[in-house]
Amino acid sequence: MAVVSTPGVLLRAYPFRDTSQVLRFYTRDLGLLSVLAKGRRRLEAKGAAGSSPFAEGVLVLSFRRGRELQTLRDFALERARFGLGSHPLRLSGASVLGELALHQGEGEANPLFFRGLSEGLDALETVALDRVVPEVLARLWSLVRLLGYRPVLDRCVRCGRPPAMGETVRFDVAEGGISCHSCSGSAQGPRLGPVAREQLGALVEGVAPTALLGGRAHLRLAGEFVAFHLGGGLPLRSLGVLRGLLPEDHP
Ligand SMILES: [Zn+2]
């Protein structure tokens, strides 16, 4: 048993027995972790923002590799991120990023993913409400890329030909990229016109286009990609929640 310390973001909290909690953190140095916090009241009284979702701070743990539940000794809160609770759009956007982190294997550290998650949550706390969707998409695709999955957008995944100017292609989720007009005869997957393809390219690089068109369709496409390549077929439920919050006429 070692005492270790790492920054971490709180993703989930469950009550455990009378006064304790099981907390799931995505940590910088140890990846996804489940920890037991004994004496919930005492933890909250310390200003640890007990179960406030997406709170970030430094955890001190009694750690044993391979153990399912580590023991939390202390948590020094650095960012409470109460602003994420100020609007359902912000909260569901943050939940999209949190849910992707929860899909990761326990104990697999990815410090760049941790930083991307942390910066994404910070951005969603303050971004203008009409910019939440492009921001979520840019942050989500960045995290997907940090996990090693970059969709192919500059050439057809079947024949290798770059799309012609103005060509409408299909996004082949299973193949992980675009399929050109000639190859996509029998292919499934959403159509991507030149603008949609360019905007998707920006999102994958972590850039939120100033006037994103088809936000709903982009959320659906990102969801299908993540479910197929990273979620074992399971969609990120919070992407559906976020889509459901958008007005019918959302661009
Ligand atoms: Zn082709």
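Two strands are taken to pair if DSSP finds at least two bridges between them, and in this predicted model strand 6 and strand 7 pair in the antiparallel sense over 3 bridges. The secondary structure of the protein comes to 7 helices and 8 strands, and the chain is divided into domain 1, covering 2–80, and domain 2, covering 83–150 + 189–245.

**Overall dimensions and packing**

- The radius of gyration of the protein is 20 Å, which agrees with the value near 18 Å that a compact globule of 251 residues would have.
- Along its principal axes, the C-alpha trace of the protein spans about 65 × 35 × 25 Å.
- Of the 251 residues of the protein, 38% count as buried.
- When contacts between residues at least 6 apart in sequence are considered, 58% of them join residues at least 24 apart.

- The C-alpha centres of domain 1 and domain 2 lie 25 Å apart, and the two domains meet through 13 residues of domain 1 that are in contact with 17 residues of domain 2.
- On the side of domain 1 that touches domain 2, at least two residues each are supplied by strand 1 (2–16), strand 2 (20–27) and strand 3 (31–37).
- The residues on that side of domain 1 divide into 7 nonpolar, 2 polar and 4 charged.
- Ala37 lies in strand 3, and Ala37 counts as buried because 24 other C-beta atoms lie within 10 Å, where the cut-off for burial is 20 or more.
- The C-alpha atoms of Ala37 and Val22 are separated by 6.2 Å, although these two residues are 15 residues apart along the chain.

- An open sheet is formed by 3 strands in the order 7-6-8, with antiparallel pairing.
- Strand 7 (177–179) and strand 8 (191–192) stand at the edges of this sheet and have a single partner strand each, so one side of each is left without a neighbour in the sheet.
- Between strand 6 (residues 169–172) and strand 8 the antiparallel pairing runs over 2 bridges, and the bridge partner of Arg170 in strand 8 is Arg191.
- On the side of strand 7, the bridge partner of Asp172 is Gly177.
- The hairpin of strand 6 and strand 7 has 4 residues between the strands, and in this hairpin Gly176 takes a positive phi near 80°.

- Pro194 has its place in helix 5 (residues 194–204), and Pro194 counts as partly exposed because it has 14 C-beta neighbours inside 10 Å, a number between the limits of 12 or fewer for exposed and 20 or more for buried.
- The C-alpha atoms of Pro194 and Thr6 are separated by 44 Å, with the two residues 188 residues apart along the chain.
- The residues Ala196, Gln199, Leu200, Leu203 and Val204 of helix 5 are buried, and they cover an arc of only 140° around the axis, which puts them on the same side of helix 5.
- The cover over the buried residues of helix 5 includes helix 4 (132–146), strand 8 and helix 6 (215–229).
- Just after helix 5, Gly206 takes a positive phi of about 90°.

- In helix 7 (residues 237–245), the residues Ser238, Leu239 and Leu242 are buried, and they cover an arc of only 105° around the axis, which puts them on the same side of helix 7.
- The elements that cover the buried residues of helix 7 include helix 2 (88–102), helix 4 and helix 6.

Key. Residues numbered from 1 in each chain as written. Predicted model: local features only at pLDDT ≥ 70, side-chain atom pairs only at ≥ 80, totals over all residues. Domains from an automatic or database assignment. Contact = placed C-beta atoms within 7 Å. Nonpolar A, V, L, I, M, F, W, Y, C, P; charged D, E, K, R; others polar. Arc of directions from axis to C-beta. Rg over C-alpha atoms; globule rule 2.2 N^0.38 Å.
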